[in-house]
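The entries follow the order in which I looked things up.

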Amino acid sequence: MTTGTSRHTPLPGKKLRIVFMGTPEFAVPSLDILIKNGWPVVGVVTAPDKPSGRGLKLQQSAVKEYAVANDLPVLQPPKLRDPGFLEELRALGADLQVVVAFRMLPEVVWAMPRLGTINLHGSLLPQYRGAAPINWAIINGEKETGVTTFLLQQEIDTGSMLFQERMPIRRDETAGELHDEMMHTGAKLLLKTVEAMAAGGYTTSPQPELPESQLKRAPKLFKEDGKIDWQQDTAAVYNRIRGLGPYPGAWTWLQDKTLKIFRAEKERMPPRADPGAWDTDYKSFLRFACADGWIRVLEVQLEGKKRMPVGEFLRGYRRG
């Protein structure tokens with residue numbers, strides 16, 4: 001970025017005191033790269049432990065597991081406006097807060113450090129603001145995405161940008177694969193950002209103001225977003241399957257049971273069947289008709305069963 005001005009005067013020889021905020025696996029490489037490069041992370045804020053599995057055993061977040069293993073102080077506030085949490089956070093004396101895949105912060109939190117709070121986001125802002133930028137970029141058939149660091153302000157994902165890194169999206173790439181690449185690319189960009197802020201010579205750039213009709217959103221995904229519309233063309237269906245794999249998964253109905261489709265390929269041959277009709281030899285292939293071709297599924301999970309290659313699925317599937 002080449003516009004904007006330096007946010008502060010550096011303090012020679014002083015390392016920034018950082019509070020890190022994040023929860024899922026995506027955030028771990030960013031925390032790790034800060035620790036391995038000697039940045040003093042004086043506290044980690046993450047989600048409270050949640051009951052999980054049949055025994056409802058409390059499950060720690062990926063970030064908490066890393067923090068505990070590295071003897072980092074951990075805060076897990078149920079509510080970010082809780083006076084006790086705010087007092088603990090203030091006592092850490094952070095110069096800068098870093099957010100990677102956390103929840104929306106109130107101003108009393110993000111404005112607390114002298115340098116404010118920076119966020120790593122998985123898109124080329126201003127496009128794909130929201131909770132699921134990786135998924136929606138693939139669902140929409142984008143050929144390129146990236147990561148952005150920016151300063152938090154009140155409206156979600158709208159603050160002044162610091163740095164961006166562009167990334168290609170491969171034709172067959174799933175959201176899970178892009179997620180794994182992006183979390184490491186993002187970690188490197190975050191380190192670059194922290195180093196620039198410590199040096200005091202960084203610049204900021206306001207996000208481009210685009211008409212609402214040109215902005216692409218990335219809202220939280222729900223089960224209904226995964227339902228495949230076979231009236232669409234093969235490209236649109238294929239992109240939805242890629243964009244929702246492996247989680248939450250694209251799905252359709254197969255003889256009154258839900259069938260999740262994790263991997264598939266396109267067949268351009270015009271179908272002699274109505275959209276949504278399926279065809280199989282019950283041995284090696286299963287395909288569904290779309291508006292302009294077929295989607296041949298490669299990896300599936302039938303309701304109540306485990307995920308498996310289609311050949312294994314068909315060998316055990318009972319015909320209705």
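**Entry 1: terms and source.** I call a crossing left-handed if the near helix is turned anticlockwise from the far one by less than a right angle, and right-handed if clockwise. Helices (H or I, at least four residues) and strands (E, at least two) are DSSP runs, numbered from the N terminus. I note that the model is predicted: local features need pLDDT of at least 70, side-chain atom pairs count only at pLDDT 80 or more, and totals for chains, interfaces and linings use all residues. Residues are numbered from 1 along each chain as its sequence is written, and side-chain values use heavy atoms, with hydrogens and water left out.

**Entry 2: helix 1 against helix 6.** I looked up how helix 1 (residues 28-36) passes helix 6 (residues 175-199), and the crossing is right-handed. Their axes come within 8 Å and cross at roughly 40°; axes are lines fitted to C-alpha atoms, for helices over the stretch in contact, and angles run from 0 to 180 degrees between N-to-C directions. Helix 1 and helix 6 are therefore oblique to each other (under 35 degrees counts as roughly parallel, over 145 as roughly antiparallel, 65 to 115 as roughly perpendicular and the rest as oblique). Helix 1 contributes P29, S30, I33 and L34 to the contact, and helix 6 contributes M183, H184, G186, A187, K188, L190, L191 and V194; contact means heavy atoms within 4.5 Å. By class I find eight nonpolar, three polar and one charged residues there. Ala, Val, Leu, Ile, Met, Phe, Trp, Tyr, Cys and Pro count as nonpolar, Asp, Glu, Lys and Arg as charged, and the others, Gly among them, as polar.

**Entry 3: helix 1 against helix 2.** I then turned to helix 2 (residues 62-69), whose axis comes within 9 Å of that of helix 1 and crosses it at roughly 25°. Helix 1 and helix 2 are therefore roughly parallel to each other. V28, L31, D32 and I35 of helix 1 meet A62, V63 and Y66 of helix 2. I count six nonpolar, no polar and one charged residues in this contact.

**Entry 4: pockets.** A pocket is, on a 1 Å grid over the protein atoms alone, an open set of points where a 1.4 Å probe fits, with protein on both sides within 12 Å along at least five of seven lines; lining residues have an atom within 4 Å of a point. The largest pocket holds about 1,600 Å³ of space. Of its 50 lining residues, P24, A101, F102, A131 and A132 are the closest to its centre. Strand 3 (50-52), strand 7 (117-121), helix 5 (133-139) and helix 6 each supply at least two lining residues. The lining divides into 26 nonpolar, 16 polar and eight charged residues.

The second largest pocket has a volume of about 280 Å³. Among its lining residues I list E142, R170, D172 and K266. Helix 7 (residues 234-243) gives the largest share, four residues. Three nonpolar, two polar and seven charged residues make up this lining.

**Entry 5: backbone.** Where are the cis peptide bonds from L125 to P126 and from G245 to P246? I place P126 in the loop between strand 7 and helix 5, with omega of the bond near 15°. P246 is in the loop between helix 7 and strand 10 (250-254), with omega near 5°. Lastly, Q255, a residue other than glycine, has a positive phi near 50°; Q255 sits in the loop between strand 10 and strand 11 (257-267).

Key
Points joined across faces, edges and corners; volume = space filled by probe spheres on them.
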